[in-house]
Amino acid sequence: MEMVTGKRPTLDMFKDSLTLRQLVEAVLHEEVTEIIDGALFEDGLDVNRENRRGMTLEEASGLVLGLALSCSAELPFDRLNIKEVASEISSIRNRFIKDRC
């Protein structure tokens with residue numbers, strides 16, 4: 001979550017009751033571009049530009065953040081195991097990065 005959002009859980013905005021995880025959960029299915037780190041767009045990358053398979057940076061970021069939420073579930077038995085995580089990351093990479101126009 002830190003890599004995609006550019007936010008650390010130790011920031012002042014998370015000192016009260018809000019956590020990084022809660023922030024991501026709140027916007028994941030609505031406006032994920034609001035929390036994506038602007039550094040990802042420094043090369044003029046358009047978040048809504050589709051690759052050959054129709055996936056945008058916004059969608060790929062949402063998938064990665066959803067995976068991060070699954071990895072950080074409160075209860076350990078609710079978290080994905082490392083094989084599932086590796087498989088999902090590979091799938092996202094194959095659908096987004098390898099086919100990027």
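**Notebook: surface, core and salt bridges of a predicted model**

I located Leu-18 in the loop between helix 1 and helix 2. Leu-18 has a relative accessible area of 31% and is therefore partly exposed; buried means under 20%, exposed over 50%, and partly exposed in between (1.4 Å probe, protein chains only).

I noted the basis of the entries. This is a predicted model, in which local features need pLDDT of at least 70 and side-chain atom pairs count only at pLDDT 80 or more, whereas totals for chains, interfaces and linings use all residues. Residues are numbered from 1 along each chain as its sequence is written, and side-chain values use heavy atoms, with hydrogens and water left out.

**Confidence and fold**

I looked up the pLDDT, the predictor's confidence in each residue from 0 to 100. The protein averages 83, and 87% of the residues score at least 70. Confidence is lowest in helix 1 (residues 2-5), with a mean of 87, and highest in helix 4 (residues 82-96), with 90.

I found 4 helices and 0 strands, in the order α-α-α-α along the sequence. Helices (H or I, at least four residues) and strands (E, at least two) are DSSP runs, numbered from the N terminus.

**Interior**

I recorded that 29% of the 101 residues count as buried. I then traced the largest nonpolar core, which has 12 residues, including Val-4, Phe-14, Leu-20, Leu-28, Ile-36, Leu-65 and Leu-69. Helix 2 (20-27) and helix 3 (57-71) each supply at least two residues of this core, and the largest share, 4 residues, comes from helix 2. A nonpolar core is a set of buried Ala, Val, Leu, Ile, Met, Phe, Trp, Tyr and Cys residues joined through side-chain atoms within 4.5 Å.

Beyond its neighbours within four places in sequence, I found Leu-28 in contact (heavy atoms within 4.5 Å) with Gly-62, Leu-65, Gly-66 and Leu-69. Another core, of 5 residues, lies apart from the largest one and has Met-55, Leu-57, Ala-60 and Phe-96 among them. Of the contacts between residues at least 6 apart in sequence, 57% join residues at least 24 apart.

**Total surface and salt bridges**

I noted an accessible surface of about 6,800 Å², 51% of it belonging to carbon and sulfur atoms. Areas come from the Shrake-Rupley method with a 1.4 Å probe, and for residues only the protein chains shown count as cover.

I listed 3 salt bridges, each a side-chain nitrogen of Lys or Arg within 4 Å of a carboxyl oxygen of Asp or Glu.

- Arg-8 pairs with Glu-2 at 3.9 Å, N to O; Arg-8 is exposed at 53% relative accessible area, while Glu-2 is partly exposed at 37%.
- Lys-15 pairs with Asp-12, their closest N and O atoms being 3.3 Å apart, and both residues are exposed.
- Glu-25 pairs with Arg-21 at 2.8 Å, N to O; both lie in helix 2, 4 residues apart, about one turn of the helix. Glu-25 is partly exposed at 42% relative accessibility, and Arg-21 is partly exposed at 23%.
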